[in-house]
Amino acid sequence: MTSPENPTAPRTPGEPRTDTAAPPRDFPLRRGCPFAAPAEYDALRTHEPVARVTLPTKREAWVVTRYDDVRELLSDPRVSADIRRPGFPALGEGEQEAGARFRPFIRTDAPEHTKYRRMLLPVFTVRRVRAMRAAVQTRVDEILDDMLAADGPADFVSAYANAVSTSVICELLGIPRENLEFFRDVTRVSGSRHSTAEQVSEALGGLFGLLAELVGRRREEPRDDLISKLVTEQLVPGHVTTDQLLSTLGITINAGRETTTSMIALSTLLLLERPELREELRRDPSLMPAAVDELLRVLSVADSIPLRVAAEDIELSGRTIPADDGVIALLAGANHDPEQFDEPERVDFHRADNHHVAFGYGVHQCVGQHLARLELEIALETLLRRVPTLRLAGDREDVVVKHDSATFGLEELRVAW
Ligand code: HEM
């Protein structure tokens, strides 16, 4: 990579370029409507499908908005997810520095990435997840009982959405579930663009401390849970170190919690605002699996989670992304591409061929997607069936939207019933 004034001088990846007249637009772009991609994505997709942006860290990177380009990029072996690369386009300093230190496997490449992914895959197969249905239903019912027993109004995000996603993961891993808000705080700090490296390290340190204690206990007395399984099959025979095991458990909690919380909360808000869709699901609950996938597409809460670096020059839609530059595959851009989805803003539970990329694409595609779908189906179906009177407990303007986090979602949603 060279600078334009001096073709032989190297340019540090991610540093602002001097060859463009107008400074690149700032990224991330904000959503106007919480149920759609940021409005600017349409213009980008049409006029600048591979666009240069300035990140909150003041580094520069590329963003990709077309469905075909996003899939091509995420399945290209010349693209790296290694957070230690200087051009890695983290959206906050905290993530970049702490990520390089703790190295969650989502931010690594093969063969390291393959090793940890293989460790988790057997736990999240369709068959294993299907067997969890009854347990998840019981837990969702208990959480709803608690919410309804307390006098309303309630904050739906903490009383239901976060409680469901966090307790399901805790149960799977074998973590006592009393600390639901603790996990939410960890993700809040570690996923925020405004967090410093110290704040992220401190939050993750607290999480790893709790996990380390559990790993120790399960080593002494294994149980029927994921931590015991990984301790017995991976840690004890020496296939992984304790730090590697903690990092893998930590990313599974972080990746699975906030995304699912956001999806439950935003889907509920959307259904509260669209009585005809609510009615359709109440009349025909067999539509729920298709509805969940349509909500995943429309809401695309993990829009800017797939962060990558071009390991070589890469050509996309007639533009070259130079080697070592950071690039972000915008999932909401792809999922709202009219070339792929007819009238993409329409919420249609009968949409055919809904091959959305809400769970990403390629080698890093979401490991927990079957579990996420199960949780969403049960959480939404139970709510519609048991609380038909659910409504917003204030004005729509009082709903607090979360704009500063890796996952798009709601901070607070006051509801009554
Ligand atoms: C609606 C909920 C969810 C959404 C929208 C979502 C989305 C995603 C996306 C887009 C990626 C790919 C990131 C990339 O390419 O860089 C991903 C990866 C991942 N997800 Fe999810 N996820 C959800 C739920 C879950 C759950 C419930 C779990 C586990 C309990 C989980 C665990 C993971 C892990 C471990 C990875 C890393 C996979 C790898 O790098 O190979 N996710 N998720």
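In this predicted model, helix H9 (residues 197-220) and helix H10 (residues 226-235) pack with their axes 9 Å apart and at an angle of about 70°. Because angles of 65 to 115 degrees count as roughly perpendicular, H9 and H10 are therefore described as roughly perpendicular to each other.

**Packing of H9 with H10**

- On the H9 side, the contact is made by Leu211, Leu214, Val215, Arg218 and Arg219, while H10 contributes Ile227, Ser228, Val231 and Leu235.
- By class, the residues of the contact of H9 with H10 comprise six nonpolar, one polar and two charged.

**Packing of H8 with H11**

- Helix H8 (residues 180-190) packs against H11 at an angle of about 95°, and the axes of these two helices are 10 Å apart.
- H8 and H11 are therefore also roughly perpendicular to each other.
- The residues that meet in this pair are Phe183, Arg184, Val186, Thr187 and Ser190 from H8 and Ile253, Asn254, Arg257 and Glu258 from H11.
- The contact of H8 with H11 divides into three nonpolar, three polar and three charged residues.

**The three-stranded sheet**

- Three strands form an open sheet in the order S5-S13-S10, and their pairing is antiparallel.
- Strand S5 (154-155) and strand S10 (391-392) are the edge strands, each of which pairs on one side only.
- The antiparallel pairing of S5 with strand S13 (residues 414-416) runs over two bridges, and aspartate 155 has arginine 414 in S13 as its bridge partner.

**Surroundings of the ligand**

- There are 27 residues around the ligand, and those that come nearest are His113, Arg117, Arg308, His364 and Cys366.
- Histidine 113 has a side-chain N or O atom 2.6 Å from an oxygen atom of the ligand, and for arginine 308 the corresponding distance between a side-chain N or O atom and a ligand oxygen is 2.8 Å.
- In histidine 364, a polar side-chain atom lies 2.7 Å from an oxygen atom of the ligand.
- The elements that give two or more residues to the shell around the ligand are helix H4 (112-120) and helix H11 (242-273), and H11 supplies the largest share, with five residues.
- Sorted by class, the shell around the ligand holds 17 nonpolar, seven polar and three charged residues.

How values were computed. Residues are numbered from 1 along each chain as its sequence is written. This is a predicted model: local features need pLDDT of at least 70, side-chain atom pairs count only at pLDDT 80 or more; totals for chains, interfaces and linings use all residues. Side-chain values use heavy atoms; hydrogens and water are left out. A residue is near a molecule or strand if one of its heavy atoms lies within 4 Å of it. A polar contact is a pair of N or O atoms within 3.5 Å; within protein, one must be able to donate a hydrogen and the other to accept it, and residues adjacent in sequence count only if both atoms are side-chain atoms. Helices (H or I, at least four residues) and strands (E, at least two) are DSSP runs, numbered from the N terminus. Ala, Val, Leu, Ile, Met, Phe, Trp, Tyr, Cys and Pro count as nonpolar, Asp, Glu, Lys and Arg as charged, and the others, Gly among them, as polar. Axes are lines fitted to C-alpha atoms, for helices over the stretch in contact, and angles run from 0 to 180 degrees between N-to-C directions. Angles under 35 degrees count as roughly parallel, over 145 as roughly antiparallel, 65 to 115 as roughly perpendicular and the rest as oblique. Contact means heavy atoms within 4.5 Å. Two strands pair if DSSP finds at least two bridges between them.
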